[in-house]
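Please open the structure in your viewer and keep the selection panel at hand.

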Amino acid sequence: MVRLAGIVGAEQAPVVLAERLERRLAAQFGQPVRDPIGWLLGRGLPQRAECYAPACDDRVRMDTGQVCPSCELLIEDRRALRHRVAQAVAGVLPALEPEAFRAEVERRLSREVARLAAEESIRREHAKVERARREEAWARQREEQDAAQAEFAARPCVECGVPEAAGLCLICSEARTTRRALESAAEFAAVAAGLPDPAAAGPLGVYRARLETEAEQAGERWRAQGLPEAAVVWQLRALAEQLVTRERALALEALLRGPQAQAEAERVAGIERARRRSEPEVLAAADEAARRCAQALLAQRLDQVRAEVQDPVQPPVGGWRKRMAEYAARPLEGEILPVPVRFAQAREAVSAA
C-alpha cells in the first residue's frame, strides 16, 4: 500500500489495489484460492511490471488505468525483430516450405534474442563497473571535501587570532561588513559634497573619518550600557547600513535639486503638455524623469569618486632637468654617497673630465 501510495497517491492506492486483486482473481478462471495468504503474497499483491515503467502492472498503467504504452513499445520492438529475421530468412532461403520456414525463423530468432541478451548483460556489467568506479571517485571526493572543510574550519581568525574560526570569526566578519558599508556611505557623502562642483568635494578620507567617528561614538555608548561585544558589532553593522541609506538619500536629493535633473523635468513636462495631458499627469511624468536623471547622475558620480580613489591624480613631476637632477641624486646599487650629489655638480665633474 505504501509503494502504491508513492506511485498513484494515498487516495487512489486502495482503488488500484482492489482492481489488481480483482484482475488476479479473474485470471484464476473460477478456480478457488486454497491458501489465501500464500496467494496474496505470491500472486495477488506483488506488482508485475511487463516493462521498465514504474507504474506498469500487468501491462496496465496504475495511474491512468489505460494500456501501458511502454509495454506496447516493447511488443512492437519484438514484432519488428521477428519481421527482420523473417525477411533475412526469406532473402537467404526463398524456396523453403512454410513449416521449415517457420522453424528456421524461430531458430534464428532465438539466436538473435540470445545475442541481444548477451550484449545487454555485457552492457549492464560495464555499467555496474562504471557506477562502482564513479561511486569510488565520489567517495574519495567527499573525503577530500570533508578534509578540506575540516582544515578550513580549524583556521584561526586572520584578524583577531581566535582559533577554529574558519579564517574569520563572526565579530571580525561583521566588522568588515561595517567597514565596507561605511566606505559606501562615504562615497555617497562625497558625491553630495561635490555638488555642483566635484572639485570641491575634498578627499574621501574626510567623509570616511566623519562616519567612522559617528559609528565609534555609538559603539562606545552601547558598550557603556553593558552590551556584549557581539551585540555591539551587530548594532554597528545595522547603523552602518542606516548611514548608507541616509547618505544615499541626501546625495539623491541634492541631485534632484540640481540643474540637470530640473532641466530634464522641464523638458519632459513640455513634451507631456504638448500631448495635451492633464496637469497631474504632467507633474508625475516630470518627477519621474527628474528621479531617473538623478539616479543616473548618482551612478556616474559614484564611478568618478571610485576612480579617483583607485587612481588618484599624480602631481606634475616637472621638466626633464628636474627629473634628471632627481635621478642623479639617487645612489647606484651598492654605492654609498657621503653627501647629496647635485645635478650641477655632476655636470661640472663631467665637463672637467
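Predicted model: local features only at pLDDT ≥ 70, side-chain atom pairs only at ≥ 80, totals over all residues.

Residues are numbered from 1 along each chain as its sequence is written, and side-chain values use heavy atoms, with hydrogens and water left out.

**First stop: helix α5**

Select residues 98-153, which form helix α5. Helices are DSSP runs of H or I with at least four residues, numbered from the N terminus. Helix α5 has 56 residues and spans 79 Å from its first C-alpha to its last, close to the 82 Å expected at 1.5 Å a residue; the expected span is 1.5 Å times one less than the number of residues.

Next, select E104, V105 and L109, which are buried in α5. Buried denotes under 20% relative accessible area, exposed over 50%, and partly exposed in between, using a 1.4 Å probe and protein chains only. Against which helix do the buried residues of α5 pack? They pack against α4.

Side chains of opposite charge can pair when their charged atoms come close. A salt bridge is counted where a side-chain nitrogen of Lys or Arg lies within 4 Å of a carboxyl oxygen of Asp or Glu. By this rule there are 36 salt bridges.

Select R82 and E106, whose side chains form a salt bridge at 2.7 Å, N to O. This pair links distant parts of the chain, with R82 in helix α4 (residues 69-92) and E106 in helix α5, 24 residues apart. R82 is partly exposed at 37% relative accessibility, and E106 is partly exposed at 36%.

Because R133 and E130 are three residues apart in helix α5, about one helical turn separates them. R133 is partly exposed at 47%, as is E130 at 29%.

Select E187 and R306, a salt bridge with its closest N and O atoms 2.9 Å apart. The two residues join distant parts of the chain: E187 belongs to helix α6 (residues 170-193) and R306 to helix α10 (residues 279-310), 119 residues apart. Is E187 buried or exposed? E187 is buried, at 10% relative accessible area, whereas R306 is partly exposed at 33%.

**Last stop: a network**

Finally, select R20, R23, R24, R48, D57 and D58, which salt bridges link into a network.

Methods
Contact = heavy atoms within 4.5 Å.
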